[in-house]
Amino acid sequence: MKYASEYRDPALAKGLVAAIAAEVKGYPGVMTLMEVCGTHTMSIYQHGICSLLPASIRLISGPGCPVCVTPIGYVDRAVAYARQPDTIIATFGDMVRVPGSSSSLLREQADGAQVKVVYSPLDAVALAEKHPEKTVIFLGVGFETTTPTVAGSIVAAKQRGLRNYFVFGAHKTIPTPMAVLTSDPELKVDGYLCPAHVSAVIGANAYRPLAEQHHVPCVVTGFEPLDMLRGIQLLARQVVAGEARVETEYSRIVKPEGNQKAQALLAEVFEPCDTPWRGIGVIPDSGLKIREAYAAFDAERQLPVAVEEPQEHQGCRCGEILKGKLTPKDCPLFRRACTPENPVGACMVSSEGTCAAEYKYGC
Amino acid sequence: MCLAVPMKVAEIDDRTAICEVDGVRREVSLMLLDDVEVGDFVLLHAGFAIEKIDPDEAEKTLAVFREVLDAGMVPE
């Protein structure tokens with residue numbers, strides 16, 4: 001695959017691993033680097049990157065798996081929608097198995113609910129067009145990479161005059177929780193590997209306040225293994241030098257200003273709002289809600305439904321794992337009560353969750 | 001969830017393209033991207049092209065990786 005396989009060359013990887021070791025030689029102590037994005041977490045485990053790094057570099061996973069940070073109450077409401085008559089739930093695959101307080105979409109599907117996994121929000125719009133007699137609800141979960149595509153689906157539904165397409169949204173933005181984590185005294189992050197494709201949309205400049213006001217170095221890094229190693233090298237170099245700048249390793253995709261057309265479409269349909277993050281709590285202005293002009297497509301406004309009282313699962317430590325304060329092995333349920341076949345918490349359900357990655361690949 | 005696939009643009013019809021990778025072809029919305037031409041490589045996420053791949057920057061990044069080897073960097 002062009003623009004992917006070249007960035008997986010083992011010989012070049014060995015060179016970069018040696019370059020990282022040279023970069024941190026003589027560094028006193030251990031530097032903590034957080035990969036914010038779930039796709040980075042997956043790449044680190046999948047390619048065994050943590051086992052290649054010198055002891056003075058510690059990688060921790062951040063809150064960048066959108067399924068994992070979605071509160072349990074959201075899943076409960078999605079389950080409640082799935083139980084409504086003449087309703088089709090359209091969703092990305094990851095959400096289907098996430099346990100709510102007493103059920104999951106998968107269980108509802110087994111009981112006869114119509115839950116369809118789609119690749120694109122436009123596939124959900126096509127479902128609404130094909131089934132005008134049904135209410136089609138798309139579960140809009142994701143960060144800035146995905147939200148413009150959901151905005152696109154709403155605009156497309158409006159253009160086609162659809163009245164049966166709705167989005168139940170839990171969209172979140174990435175730089176705001178990074179600032180919150182940076183201010184957490186229990187969690188000392190020395191540098192951020194910033195997400196690849198969120199940054200394609202928002203641009204590398206979005207991290208400048210983190211570097212300039214919070215003095216934490218940021219390197220926008222691609223998802224391929226060589227990209228990851230190079231990103232870690234650049235970040236380690238800044239930490240050693242005591243610098244805090246925004247650098248972009250992933251320059252073949254990410255521009256300083258990002259994709260302004262995608263930003264404009266996102267801003268046309270969505271506006272910032274306060275939103276709850278699982279394990280972190282409500283963060284002001286860290287979510288995106290549908291604007292009044294598009295309220296006709298907002299499931300929350302248009303489709304009231306009774307939802308059970310949310311109940312978090314006892315013993316699950318997803319909250320601390322999402323903040324990088326604990327690792328999966330610190331959770332008493334990990335590998336025992338909580339496995340990929342029978343997940344208790346979202347970090348085990350999502351293929352990009354830290355617990356799922358640790359279970360599958362170890363490190 | 002933010003995975004995306006680099007694909008080559010094979011055909012364009014207004015705001016929709018047919019893109020291909022390794023023999024797989026699929027329809028891609030160009031709603032989020034301007035100035036796309038046949039032969040460009042784009043990054044596909046959830047059915048939308050979200051950015052063009054800059055071939056010069058792609059080569060520059062690979063060149064940096066190779067420089068590390070040329071500098072004699074080998075694992076201890």
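1. Two residues are in contact here if their C-beta atoms, placed from the backbone, lie within 7 Å. On that criterion, 49 residues of chain A are in contact with 35 residues of chain B. The model is a predicted one, and the points below should be read as comments on a prediction.

2. H1(A) supplies the largest share, 10 residues. Sorted by class, the side of chain A that touches chain B has 28 nonpolar, 12 polar and nine charged residues.

3. Overall dimensions of chain A. The radius of gyration is 21 Å, which agrees with the value near 21 Å that a compact globule of 363 residues would have. Along the principal axes, the C-alpha atoms of chain A fill a box of roughly 65 × 45 × 40 Å. Buried residues make up 55% of the 363 residues in the chain. Of the contacts in chain A with a separation of 6 or more, 77% are between residues 24 or more positions apart.

4. Chain A has 15 helices and 11 strands. Five of the strands form an open sheet with parallel pairing, in the order E2-E1-E7-E8-E9. E2(A) and E9(A) (246-248) stand at the edges; each has a single partner strand, so one side of each is left without a neighbour in the sheet. Neighbouring strands in this sheet are turned by 25° against each other on average, direction ignored.

5. At one end of the strand order, E8(A) (residues 218-220) and E9(A) pair in the parallel sense over three bridges. Within this pairing, A:Val219 has A:Glu247 of E9(A) as its bridge partner.

6. H2(A) lies across E1 (31-37), E2 and E7 (191-194) of chain A, and runs at about 120° to E1(A).

7. The largest nonpolar core has 143 residues. Those with the most contacts inside this core are A:Leu16, A:Ala78, A:Ile89, A:Tyr192 and B:Ala49. The element that gives the most to this core is H10(A) (residues 225-241), with eight residues.

8. Which residues surround A:Tyr192, leaving aside its neighbours within four places in sequence? The contacts are A:Met34, A:Val36, A:Met178, A:Leu210, A:Val216 and A:Cys218.

9. In H15(A) (residues 354-361), A:Thr354, A:Cys355, A:Ala356, A:Ala357 and A:Glu358 are buried. The buried residues of H15(A) pack against H2, E2 (57-64), H13 (318-322) and H14 (346-349) of chain A. Just after this helix, A:Gly362 takes a positive phi of about 60°.

10. In chain B, strands E2 (residues 16-21) and E3 (residues 24-29) run antiparallel and are joined by six bridges. B:Thr16 has B:Ser29 of E3(B) as its bridge partner. The hairpin of E2(B) and E3(B) has two residues between the strands, and B:Asp22 takes a positive phi near 50° there.

Terms used. Residues are numbered from 1 along each chain as its sequence is written. Chains are lettered from A and ligands numbered from 1 in the order in which they are written. This is a predicted model: local features need pLDDT of at least 70, side-chain atom pairs count only at pLDDT 80 or more; totals for chains, interfaces and linings use all residues. A nonpolar core is a set of buried Ala, Val, Leu, Ile, Met, Phe, Trp, Tyr and Cys residues joined through C-beta atoms within 7 Å. A residue is buried if 20 or more other C-beta atoms lie within 10 Å of its own, exposed if 12 or fewer, and partly exposed in between; C-beta atoms are placed from the backbone. Helices (H or I, at least four residues) and strands (E, at least two) are DSSP runs, numbered from the N terminus. Ala, Val, Leu, Ile, Met, Phe, Trp, Tyr, Cys and Pro count as nonpolar, Asp, Glu, Lys and Arg as charged, and the others, Gly among them, as polar. The radius of gyration is taken over C-alpha atoms; the globule rule is 2.2 Å times the number of residues to the power 0.38. Two strands pair if DSSP finds at least two bridges between them. Axes are lines fitted to C-alpha atoms, for helices over the stretch in contact, and angles run from 0 to 180 degrees between N-to-C directions.
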